[in-house]
Amino acid sequence: MSELIIALVGQPNVGKSMLINSIADARLKVGNFSGVTVEKAEVSFTAQGHAIKIVDLPGTYSLNDYTQDERVTKEFLQHEHYDLIINVVDATNLERNLYLTTQLLELGKKMIVALNMMDEAHKEGQCIDHEQLSSILGVPCVKVSAATKKGIGKLLNRAIDVSLFPLEKSKLIYSDVVEEEIGNLASFLDRKHYPSPLSSREIALRLLQEDPSTYRKMHEEPIWVELSSYLKEALEHLYVHYETKDVAEIFAEERAAFAKGAVVETLSCKKCTSQTVTQKIDTVLIHPVYGIPIFFFLMWGLFQVTFTLGSIPMDWIDAFFVALGNYAKTIFGEGELGSIIADGAISGVGAVVMFLPNIVILFLGIALLETTGYMARVAFLLDGFFHRFGLHGKSFIPLVTGFGCSVPAYMSARTLKNDKDRLITLFIIGFMSCGAKLPVYVLFAGAFFGQEHAGNALFVIYLAGAFIGLLAAKFLKLFVFKGADEPFVMEMPKYRLPSLKLIWHTVVSKAIMYLQKAGTFILAASLLIWFASNYPKYPDVAASFDQKIEQASDEALKVEYENEKSKVLLEKSFLGKIGKSTDWLFAPLGFDWKMTVALESGLAAKEVVVSTLGVLYALGSDVDEGNESLIAELQKQIPLASAVSFMIFVMFYLPCLAASIVFTKESGGYKYLAYLFVFTTIIAWILAFIGYRITLALS
Amino acid sequence: MKALSDLNAGEKGKVKTIDAEGELKQRLFSLGLRKGSLLEVKAMSMAKSTMEIEVGTTLLALRFEEAKRIGIETL
């Protein structure tokens with residue numbers, strides 16, 4: 001028996017992701033999840049002996065491809081193979097949701113309507129006669145609640161049932177005016193015995209809706225000569241009746257009327273207390289005066305917590321990896337093997353794993369912002385401000401997502417309709433420092449600003465990044481991507497308490513991804529860096545130093561020679577040569593060649609910046625103090641001004657390889673990646689230079 | 001006839017005309033904003049750049065430029 005493919009479709013904020021989570025969790029086999037569904041996600045499992053695959057499509061208000069992610073949904077529904085649609089509907093907002101349902105019915109596919117959030121609807125005193133609704137729509141309606149997991153089993157059973165029986169045509173009926181014209185055209189086609197896999201009614205309907213492919217097909221038929229005059233007459237009737245020549249508008253009105261009719265016949269309100277809680281919260285959170293300060297306070301709190309709470313387990317993890325490195329050296333000895341394991345693998349991976357607590361807290365905060373509905377309020381508050389910088393209120397969502405990771409941020413920019421707004425947003429997402437840059441900041445802020453100021457320093461770094469991003473957006477809008485503005489129309493979803501399970505899921509999967517990256521990509525990069533910094537070998541140079549050390553009279557001199565030996569050898573290594581050949585580029589910024597190499601390797605992934613520093617400074621460190629932490633090592637070897645300019649450079653330069661690939665895909669070409677590289681590098685260099693000079697002058 | 005942008009927070013109205021092009025018009029339709037729909041202005045952002053309105057059971061955010069294109073009969 002072949003796999004049953006179910007397409008999960010619904011408007012945004014109706015709980016599709018939560019529903020798929022409830023379904024899949026019950027079967028314990030989950031596919032990929034991302035915070036905001038902008039790509040389709042898939043889950044496969046078996047139920048009652050049937051292999052089932054559910055495709056979670058991005059939320060869409062209608063099938064009119066207004067934005068890019070809506071286009072993904074439309075393309076899938078029209079061109080891909082699937083057996084059944086489950087249309088997820090927010091039971092507390094039935095009328096607007098049924099608008100999409102009517103469009104889905106027109107696709108002529110097998111379908112089930114899942115009335116989600118029934119628990120909430122009950123609380124609001126709404127009663128929905130789902131049997132009546134089923135008979136109006138001509139497709140089964142099932143009451144479910146993804147939050148309380150009610151009706152999930154029933155929904156699956158109905159889905160399997162429906163898939164086994166032949167398709168029953170839906171009963172979407174239009175107003176008398178439209179139905180009459182459909183009838184006229186259909187009966188003409190019937191009289192002509194026009195052969196087609198579609199019914200006469202469907203052809204008639206598509207012609208009235210001015211569907212291009214149907215027109216193309218009919219145009220080639222001999223019947224077209226007569227048909228066209230009937231069609232012209234039918235359209236004229238509609239134009240007169242609706243006082244518009246826009247067919248799309250006529251059918252939009254038809255759908256709205258149908259949805260309204262369906263609601264009137266099925267929904268009974270007992271007390272109708274809808275929205276009051278949301279509106280009460282809104283009077284505070286989008287207050288014209290306090291709204292923005294409250295938002296800044298919340299963001300400040302997030303970064304404070306990220307640093308202070310995160311630093312507690314961070315110290316433990318750091319201590320653990322230092323101990324592990326020393327232990328490895330006692331087992332494998334001080335030779336090559338011990339060095340590759342302790343200085344290469346353990347210090348590189350350890351430097352990255354250390355920041356797991358910070359990453360988890362940051363992603364938790366972003367997930368909370370996303371799921372509670374607060375994000376839309378911030379877009380509302382900031383649109384006026386953003387608009388002045390050539391951005392759109394909705395740009396806020398990809399930009400905040402960018403604080404977590406640029407990859408989903410680039411993808412969520414698809415919710416912007418206007419290509420120019422989208423490109424501007426894409427170009428400045430990198431300025432919103434991502435989670436992988438956090439380790440660099442935490443490390444340097446901790447080392448140079450002390451524990452008590454590090455949280456504030458983090459907040460300032462992120463704020464400054466965002467601010468420069470806004471200026472860059474203005475620059476792009478004025479000189480590069482000129483053009484008309486996108487209208488700002490967006491739904492303000494109800495405030496909802498986030499589902500703990502969904503948040504847990506998001507955070508855990510992010511943490512696992514981070515650790516996987518540390519265990520694979522970062523590990524490989526650390527080993528590569530270790531190799532490049534240890535080879536080629538110079539036995540003569542090493543021997544001459546060893547001789548000097550042996551002949552040294554006192555301990556202090558011995559240590560000095562020991563340090564000089566590792567320094568000279570490191571400078572002569574492959575890595576040293578690479579760093580030295582390019583460090584003239586960064587010398588005006590106060591970087592030594594180690595920092596230069598760390599930056600360059602950071603082009604692969606930003607975590608590598610820290611792991612490279614870990615490997616380089618572990619190798620270069622004193623023998624006596626080999627167990628000293630990276631923070632102390634940096635404090636000793638890097639001047640404050642260089643540290644500041646390094647942080648600034650990291651804030652603005654090109655995002656990691658993975659993000660760059662996604663950027664290329666979303667922006668539409670390598671051309672844009674080249675622009676991005678030039679754009680970010682110039683900004684990073686200039687600002688780092690300014691930061692370096694100012695810090696030098698002050699200190 | 002007034003434009004939606006002339007309304008203050010707390011005022012109610014009925015949509016008379018929508019002066020918008022294809023896609024934007026479709027989007028407004030799918031969000032429940034069309035000829036004849038009843039709405040209430042809920043809130044304004046600072047400097048009157050955006051407004052929050054309630055249409056049916058939906059809360060919408062609109063920029064003032066868009067609100068200017070919506071003709072309203074006040075209730």
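Q: To which atoms are axes fitted, and over what range do angles run?
A: Axes here are lines fitted to C-alpha atoms, for helices over the stretch in contact. Heads-up: this is a predicted model, where local features need pLDDT of at least 70 and side-chain atom pairs count only at pLDDT 80 or more, while totals for chains, interfaces and linings use all residues. Residues are numbered from 1 along each chain as its sequence is written, and chains are lettered from A and ligands numbered from 1 in the order in which they are written.

Q: How far apart are the centres of domain 2 and domain 3 of chain A?
A: Chain A splits into domain 1 (4-164), domain 2 (176-243) and domain 3 (293-489 + 502-536 + 573-698), with bounds from an automatic or database domain assignment. Taken over C-alpha atoms, the centres of domain 2 and domain 3 of chain A are separated by 59 Å.

Q: Why do H20(A) and H27(A) count as oblique to each other?
A: Helices (H or I, at least four residues) and strands (E, at least two) are DSSP runs, numbered from the N terminus. Helix H20 (residues 438-479) and helix H27 (residues 630-637) of chain A have axes 9 Å apart and pack at about 60°. Angles under 35 degrees count as roughly parallel, over 145 as roughly antiparallel, 65 to 115 as roughly perpendicular and the rest as oblique. H20(A) and H27(A) are therefore oblique.

Q: How many residues does each chain give to the contact between chain A and chain B?
A: Two residues touch if their C-beta atoms, placed from the backbone, lie within 7 Å. By that rule, chain A gives 34 residues and chain B gives 30 residues.

Q: Which strands are the edges of the seven-stranded sheet?
A: Two strands pair if DSSP finds at least two bridges between them. The open, antiparallel sheet goes E9(A)-E5(B)-E4(B)-E3(B)-E2(B)-E6(B)-E1(B). Each edge strand pairs on one side only, and these are E9 of chain A and strand E1 (2-3) of chain B.

Q: Which residue of E5(B) stands opposite Val489(A)?
A: E9(A) and strand E5 (residues 58-63) of chain B pair antiparallel over three bridges. Opposite Val489(A) stands Leu62(B).

Q: At about what angle does H16(A) run to E4(B)?
A: Within chain B, E4 (residues 50-55) is joined to E3 (residues 38-44) by five bridges, running antiparallel. H16(A) lies across E9 of chain A together with E4 and E5 of chain B, and its angle to E4(B) is about 140°.

Terms used: Axes fitted to C-alpha atoms, helices over the stretch in contact; angles between N-to-C directions.
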